[in-house]
Amino acid sequence: MKLELYYYEQCPFCRIVLEKIKKLGLEDSIEFKNTMESPQYRNDHLKTTGRTTVPCLYIDGEPMFESSDIASWLEENQNAI
């Protein structure tokens with residue numbers, strides 16, 4: 001399973017997801033793509049979804065928005081990640 005998180009540090013909703021990832025010990029299982037540090041990540045995300053909204057977790061290329069949905073999904077699937 002390929003997981004990519006599009007985020008930026010100052011976003012309070014991203015912080016919720018980042019804290020959940022840390023709590024579950026999944027840091028090494030997710031590719032982090034900071035859209036503020038890399039304009040290319042922002043552009044790729046916009047091209048794929050038509051949005052620049054973060055956080056967005058791509059699960060095998062399929063985007064999932066909403067921090068609470070992402071956090072719940074991570075918790076429910078942590079053993080498969």
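Is aspartate 60 buried or exposed? Aspartate 60 is exposed, at a relative accessible area of 52%. Notes on this and other local features follow.

1. Basis. This is a predicted model, where local features need pLDDT of at least 70, side-chain atom pairs count only at pLDDT 80 or more, and totals for chains, interfaces and linings use all residues. Residues are numbered from 1 along each chain as its sequence is written, and side-chain values use heavy atoms, with hydrogens and water left out.

2. Positive phi. Aspartate 60 has phi near 50°, a positive value in a residue other than glycine. It lies in the loop between β3 and β4 (62-65). Glutamate 66 also has positive phi, near 75°, and is not glycine either. Its place is the loop between β4 and α3. Glutamate 66 is partly exposed, at 48% relative accessible area. (Buried is under 20%, exposed over 50%, partly exposed in between; 1.4 Å probe, protein chains only.)

3. Cis peptide. The bond from valine 54 to proline 55 is cis, with omega near 5°. Proline 55 sits in the loop between α2 (39-49) and β3 (56-59). (Helices are DSSP runs of H or I, at least four residues; strands are runs of E, at least two; both are numbered from the N terminus.)

4. Helix pair. The axes of α1 (residues 12-24) and α3 (residues 67-77) come within 9 Å and cross at roughly 10°. Therefore α1 is roughly parallel to α3. (Angles run from 0 to 180 degrees between N-to-C directions, on axes fitted to C-alpha atoms over the stretch in contact; under 35 degrees counts as roughly parallel.) Contact residues include Phe13 and Ile16 of α1 and Ile70 and Leu74 of α3. (Contact means heavy atoms within 4.5 Å.)

How values were computed
Angles under 35 degrees count as roughly parallel, over 145 as roughly antiparallel, 65 to 115 as roughly perpendicular and the rest as oblique.
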